[in-house]
Amino acid sequence: MGTSGHLLSYRPGRVEFVKETSARLLRLLALLQTRREWSGDELAARLDVSTRTVRRDVDKLRALDYPVRAVKGIDGGYHLEPGARLPPLQLDDEEAVAMAIALRTASISGVSGIGETALRALVKLEQVLPARLRHRVHAMQVSNVQIPGRARVDIDPAVLSAIAAACRDHQRLRFDYRSGDRESRRETEPHELVTWGPRWYLVAWDIDRDDWRTFRVDRMQPKIPVGPRFSPREIPGGDAAAHVAKGVAQLWPYRATVRLHVPADSEPARAAATYGTVEPIDADTCRLEIGADNPRGLTFLLGALDTDFDIEHGPELSEHLRALAARFTRATASE
């Protein structure tokens, strides 16, 4: 077909080679979008090729208008820079701005399981957005609807994405931190961002205190630019979410302990774990530790549980539960 003669010289092996090279280029591009910088050796190990092949593949990406920069020296490597225009992601300017704003909104929406995923996608997208588009995105005001029973938490999405980028790139993060009436300057090795109900928390190694700490993001004011890179440490227990749950559960001014009449690995118990910490008691029951800013918040959380339960501790709940029961009784009696 055609006059080029390409199909006349068709060789199955050659087609497979081209397909393999194309697939490797896509994997290389995906890796460059997940971290600020990669060394040639790291990329070669991930792709199972030589560093010479990595250099050739980088040149091919540049030929496709992906702005991959190579930094020479011991600490050198490759990183994907923002370009004069978007790389060929099949998004025009308006679509890119709309996607970034949607991701910012989702990251602070409080919807379980969505915020952290949206934030990771937002960090990838903002890394390649041209400056003119980033300015448009940051100029948009993103609001969060307050959930009944939960205290309102206002977080600047730009601050959230800056912290997420420092976690991703393993770069030290300095920030002013407000706790009660006290303010302090912190220098940390940021590990991971975790959502707990309506709040975001940063799990980080506090350099001055030589220990792990959990920080509320709405109380942080990061200092940009970030500091030098660091080698990540192993978080205690290996689970950032569990680390936050253990620490934060003790900080709520109002707390309760309830026995759930379902196994700890059941769906109702897993759903309840979004409100607090769950531990098994026996094969048929488990214990839930929950907290809130006020007794009404605790009552709201109990009403969201999708199983029977007994209150083991929480004397401040009695009055609110009785008042709530009385309201329901009056409401149904009028029908």
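The legends below describe close-up views of a predicted model.

Residues are numbered from 1 along each chain as its sequence is written. Because the model is predicted, local features require pLDDT of at least 70 and side-chain atom pairs pLDDT 80 or more, totals for chains, interfaces and linings use all residues, and side-chain values rest on heavy atoms, with hydrogens and water left out.

**Figure 1. Overview of the fold.** The protein contains eleven helices and eleven strands, taken as DSSP runs numbered from the N terminus (helices: H or I, at least four residues; strands: E, at least two). Of its 335 residues, 37% are buried; buried denotes under 20% relative accessible area, exposed over 50%, and partly exposed the range in between (1.4 Å probe, protein chains only). Among contacts (heavy atoms within 4.5 Å) with a separation of 6 or more, 59% involve residues 24 or more positions apart.

**Figure 2. The aromatic cluster of Phe-175, Tyr-177 and Phe-215.** Rings of Phe, Tyr and Trp (its six-membered ring) are paired if their centres lie within 6.5 Å, and planes under 30 degrees apart are called stacked, over 60 edge-to-face, and the rest tilted. One of the pairs joins Phe-175 to Tyr-177 in an edge-to-face arrangement, at 6.2 Å centre to centre and 75° between the planes. Tyr-177 also pairs edge-to-face with Phe-215, at 5.1 Å centre to centre and 80° between the planes. Tyr-177 belongs to strand E3 (residues 173-179) and Phe-215 to strand E6 (residues 211-216), so this pair ties together parts that are 38 residues apart in sequence. The relative accessible area of Phe-175 is 0%, that of Tyr-177 is 9%, and that of Phe-215 is 2%; Phe-175 is therefore buried, as are Tyr-177 and Phe-215.

**Figure 3. Packing of helix H5 against helix H7.** Two packed helices are described by the angle between their axes and the distance between the axes. The axes of H5 (residues 115-128) and H7 (residues 157-169) come within 10 Å and cross at roughly 85°; axes are lines fitted to C-alpha atoms, for helices over the stretch in contact, with angles from 0 to 180 degrees between N-to-C directions. H5 is thus roughly perpendicular to H7, a term covering 65 to 115 degrees, whereas angles under 35 count as roughly parallel, over 145 as roughly antiparallel and the rest as oblique. From H5, Leu-119, Leu-122, Val-123, Glu-126 and Gln-127 meet Leu-160, Ser-161, Ala-164, Ala-165 and Arg-168 of H7. These contact residues comprise six nonpolar, two polar and two charged, where Ala, Val, Leu, Ile, Met, Phe, Trp, Tyr, Cys and Pro count as nonpolar, Asp, Glu, Lys and Arg as charged, and the others, Gly among them, as polar.

Figure 4. Pro-263 is partly exposed, at 28% relative accessible area. Not counting residues up to four places away in sequence, Pro-263 touches Ala-269, Ala-283, Asp-284, Thr-285 and Cys-286. Cys-286 is buried, at 0% relative accessibility. Asp-282, 19 residues from Pro-263 in sequence, is 7.5 Å away in space, C-alpha to C-alpha.

**Figure 5. Buried residues of helix H10.** In H10 (residues 295-304), Pro-295, Gly-297, Leu-298, Thr-299, Leu-301 and Leu-302 are buried. The elements covering these residues include E8, strand E10 (286-292), strand E11 (309-313) and helix H11 (317-333).
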